[in-house]
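Open the structure in your viewer and have the selection tool ready.

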Amino acid sequence: AALAGGPGKATPRSSDEELDRLQRAAFAYLWEQRDSRSGLVYNTTEPRAPASPTAAGVALTAIPIGIERGWVNREEGYQRAVMLLRSLHKIEHVHGFFYHFLDPASGVRTWQSEVSCIDSAVLFAGAMVAAQYFAGTEVDRLANQLIDRAEWPWFLNGEDTLQWGWKPEAGFEGGPM
């Protein structure tokens, strides 16, 4: 729990109820703030906000949590994960990696964003969670196919460490991580 009261005054600021409320609100955002056709999750609540691979990865992680907490049933969670993973298979990628910002409906690159190894890695981590939770299903198959198509050596660009990003207009950017 977060602490308040200054030095020497360690008093709990958050109760279990407040923590539950915060967790449910985070889940609700990931569940509700998405494109209804693609399942891609908006990066923010701002009007015309793009979607992001990071938000998709966090949503894929949140789905099993929401099921286990009883906020959605297993079938609802499964269908949402399938929709999102099917969409991710159809959208533009570069060597298996995704652009940082995506149009929520089409999955097309927005804002001249870079192909991001970090955003893609968060997506892949969420896909792994969903694959394990829904083992032996279409979610498992789609998640593993998505992860397997990432060509990590390409993101090394001949270096010993991964590059930050890549743009079609400029190539690799930001140098090694």
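In this predicted model, begin with α2 and α3, which are roughly antiparallel to each other because their axes cross at an angle over 145 degrees. To display the pair, select residues 74-90 for helix α3 and residues 53-68 for helix α2. The axes of α2 and α3 come within 9 Å, and the crossing angle is roughly 165°. The crossing of these two helices is left-handed.

Next, show the side chains where the two helices meet. On α2, pick Ala-56, Leu-60, Ile-63 and Ile-67. On α3, pick Arg-74, Gly-77, Arg-80, Ala-81, Leu-84 and Leu-85. By type, the residues of this α2 and α3 contact divide into 7 nonpolar, 1 polar and 2 charged.

An angle under 35 degrees counts as roughly parallel, so α2 is roughly parallel to α4. Here α2 passes α4 in a left-handed crossing.

Now select the residues of this second contact. From α2, take Pro-53, Thr-54, Ala-56, Gly-57, Val-58, Leu-60, Thr-61, Pro-64, Ile-67 and Glu-68. From α4, take Asp-119, Ser-120, Val-122, Leu-123, Gly-126, Ala-127, Val-129, Ala-130 and Tyr-133. Coloured by type, the residues of the α2 and α4 contact divide into 12 nonpolar, 5 polar and 2 charged.

To finish, select Ala-56, Leu-60 and Ile-67 of α2: they are among the residues that meet α3, and they are also among those in contact with α4.

Key. Residues are numbered from 1 along each chain as its sequence is written. This is a predicted model: local features need pLDDT of at least 70, side-chain atom pairs count only at pLDDT 80 or more; totals for chains, interfaces and linings use all residues. Side-chain values use heavy atoms; hydrogens and water are left out. Axes are lines fitted to C-alpha atoms, for helices over the stretch in contact, and angles run from 0 to 180 degrees between N-to-C directions. Helices (H or I, at least four residues) and strands (E, at least two) are DSSP runs, numbered from the N terminus. Angles under 35 degrees count as roughly parallel, over 145 as roughly antiparallel, 65 to 115 as roughly perpendicular and the rest as oblique. A crossing is left-handed if the near helix is turned anticlockwise from the far one by less than a right angle, and right-handed if clockwise. Contact means heavy atoms within 4.5 Å. Ala, Val, Leu, Ile, Met, Phe, Trp, Tyr, Cys and Pro count as nonpolar, Asp, Glu, Lys and Arg as charged, and the others, Gly among them, as polar.
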